[in-house]
Amino acid sequence: MTENPNLTTEKGSKAYLTGIVMVAVLGGLLFGYDTAVISGAEKGLQAFFLGAKDFEYTGFWHGFASSSALIGCIIGSALSGIFATRLGRKKSLFTAGLLFFISATLTYYPEFLFFEDGKATFGLLIAFNIYRVIGGIGVGLASAICPMYIAEIAPARIRGTLVSWNQFAIIAGQLVVYFVNFLILGDHKNPVIDLVEGVYSVAAGSDPWTIETGWRYMFGSEAVPAALFATLVLMVPETPRYLAMTGNDAMAKSVLSRINGQAEAEKILAEIKATAHEKVEPLLSYGWMVIFVGIMLSVFQQAVGINAVLYFSPRIFESMGMGDPMSYTVMMGVVNLSFTLVAVLTVEKFGRKPLLFWGSLGMAIGACGVALSNVIAEPGLLPVVSIMIYTASFMFSWGPICWVLIAEIFPNTIRGAAMAIAVAFQWTFNFIVSSTFVPMYDMTTESMPNFGHVFAYALYGVICVIAAIFVLRLVPETKGKTLEDMTKLWRKEK
C-alpha cells in the first residue's frame, strides 16, 4: 500500500486510495464471514455436543452456542471508541484481525491444551463459547472502526460512496462463507436432529464426518482471510485525522498529499486541525426523541428477525423439505448481495425513508408467506420464494440504511456517545433474536407439530409492520441534508 511520495500527482493517487479502502473493506468482509459461519456449522456442532455424557445439550445451550459471538460483538463495539482513541484506527483494525485469527484457530480445535480430543464435555462447550466471544470482540471492533477508518481516509466528495461499500463487503463476506461451507460439506450431509418430547437426539445414520470434523473446518476456514487482513493492515497508513490529533502533522500531510494532492492536502489539514477538539454536549441536549429514534432504528434492524434466518438458513431450508439446503443457502447469499447493491446505488436517489418503509412491508409479506406455508403444510416453492422476498427486502433497506441513518441523524456534538448507545442496542438485540430462535422455532403442540415455524415468522412479520409505522411517523429524511442540518432539525423538534 506504500508508494513513492515523488510520484504523487497534484490530484493525488486514486490507486493508492483504492488500495487502502480495499484493505479496510476486507475488515467488513470478515465481519460478515464471522457472523454467518455458524449457518453451515451449527447442526454439526449441535450433534457433536449432543454426544456429551456430563450434561444435557438443550435447545437453550445450542441457541447460546450459536449466538455467543454476539456477546463479544457487544463488548467490542462498546470498547471501540477507547481502542480507536488510544491505539489509533490502524492498530485497532490489526487487533480485530488478530482476534479473528485466534478465534478461528481455537474454534477449529477447542480442545487445545485443556481437553481430550473429540470428547464433548460441558467444559469444552464453555471453552468453545469463550473462543467465539473472542471473535465477536473482533467483529464489534471492525463494525465500528472499519467505516470510521474509511470515512477519515476518504476525500469528502466520495466519502459516502466508499463507506457504503463496507456494508456491501459485510454481505459479500456472508456469501463467501456460505459458499465455503458448501464446498467443505461436499458430498457429506449435515446430521439429522430429532426432537421428541422436547429432547434432541442425533438420528441414526447421520454422517459421522460432519459431527466430528466438518464444523471444525468451517470455523477454521476464517483463519485464512483473517491472517491476510492482519498482514495487509500493517501496510496501510494511519488516518490523517488521527495523526493530526496526536500531533503528527507531517505524516498526516504526507498521507493527505498522496490521496488528494499537495495543494488540497494543505486545506484539509488546516480543517482537521481546526476541528481536532470538537465541542461535546450532554447526551440529552437535543431532547430524548433523537436518542429514542436512533436506538429504535438499531432495535428494529435486529427485531425483524433477519439474523435468525442468516445464521440458521440451512436448518430452515431443510425444514421446508429442500433436498440440498446448503445450495439454497448459497442462492440466498447471491440474492442478498444483489439487493444490497441496489441500496448502495439508490439511497441518494430515493432517500432513506422510502427504502426503509417499503423494505419493512416487503419483509412482512415474506415472513407471513413463510408462516402461511407452514399452516397449509406447503413444501417447495412458496416458502422458498417467501424467504427470498424477506431477505431481499431487508438487504435493500434495513441492512445498509440503518447504518447510514444512525451515522447521520445525531447532531455533531453528541454523535459519538449516541452512536455507541445505538450500536450497543443493535448487538444486544441481535443476541436476543439469535439465541431465542432455535427453541422458539422448535416449539410444538399436539394439534400443530410445526407450531414454532408458524409462530416465529408470524411474530417477525408483525414486528416488520410496526417497523414500517415507526419509519413513517418518527424517522426524519436525511437525504440531501448536511450534518449541521441535523442540529437545526432536533433543536426545532425539541
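Me: What span should the 18 residues of helix 4 (residues 69-86) have, and how far apart are its end C-alpha atoms?

Reply: Start with the rule. The expected span is 1.5 Å times one less than the number of residues in the helix. Helix 4 should therefore span 26 Å, and its end C-alpha atoms are 24 Å apart, which agrees. Helices here are DSSP runs of H or I with at least four residues, strands are runs of E with at least two, and both are numbered from the N terminus. Keep in mind that this is a predicted model, where local features need pLDDT of at least 70, side-chain atom pairs count only at pLDDT 80 or more, and totals for chains, interfaces and linings use all residues. Residues are numbered from 1 along each chain as its sequence is written, and side-chain values use heavy atoms, with hydrogens and water left out.

Me: Where is the kink in helix 4 centred?

Reply: A bend at a residue is the angle between two fitted axes, one for the seven residues ending there and one for the seven starting there. In helix 4 the kink is about 45° and is centred on leucine 79. After the helix comes glycine 88, with a positive phi near 95°.

Me: Which residues of helix 4 are buried?

Reply: An α-helix has 3.6 residues a turn, so residues three or four places apart point the same way. Buried means under 20% relative accessible area, exposed means over 50%, and partly exposed lies in between (1.4 Å probe, protein chains only). In helix 4 the buried residues are Ala69, Leu70, Gly72, Cys73, Gly76, Ser77, Ser80 and Ala84.

Me: How many disulfides does the structure hold?

Reply: A disulfide is a covalent bond between the sulfur atoms of two cysteines. The cut-off is a pair of cysteine sulfur atoms within 2.5 Å. The structure holds zero. Cysteine 146 has 0% relative accessibility, so it counts as buried. Cysteine 402 also has 0% and counts as buried.

Me: Which residues form the salt bridge with the closest N and O atoms 3.8 Å apart?

Reply: Side chains of opposite charge can pair when their charged atoms come close. For a salt bridge, a side-chain nitrogen of Lys or Arg lies within 4 Å of a carboxyl oxygen of Asp or Glu. The structure holds two. Arginine 132 and aspartate 34 form the one at 3.8 Å. The pair links distant parts of the chain, with arginine 132 in helix 6 (residues 122-153) and aspartate 34 in helix 1 (residues 14-36), 98 residues apart. Both of these residues are buried.

Me: What does arginine 216 meet in a salt bridge?

Reply: Its side chain meets that of glutamate 111, at 2.6 Å from N to O. Arginine 216 sits in helix 8 (residues 208-220), and glutamate 111 lies in the loop between helix 5 (89-108) and helix 6, 105 residues away. Both arginine 216 and glutamate 111 are buried.

Me: How far apart in space are asparagine 181 and isoleucine 38?

Reply: Compare sequence separation with C-alpha distance. These two are 143 residues apart in sequence and 9.4 Å apart in space. Asparagine 181 is found in helix 7 (residues 159-185). At 0% relative accessibility, asparagine 181 counts as buried. Glutamine 174 is in helix 7 too. Glutamine 174 and phenylalanine 31 are 143 residues apart in sequence and 8.5 Å apart, C-alpha to C-alpha.

Me: How many helices and strands does the protein chain have?

Reply: There are 22 helices and two strands. Of the 494 residues, 57% are buried.
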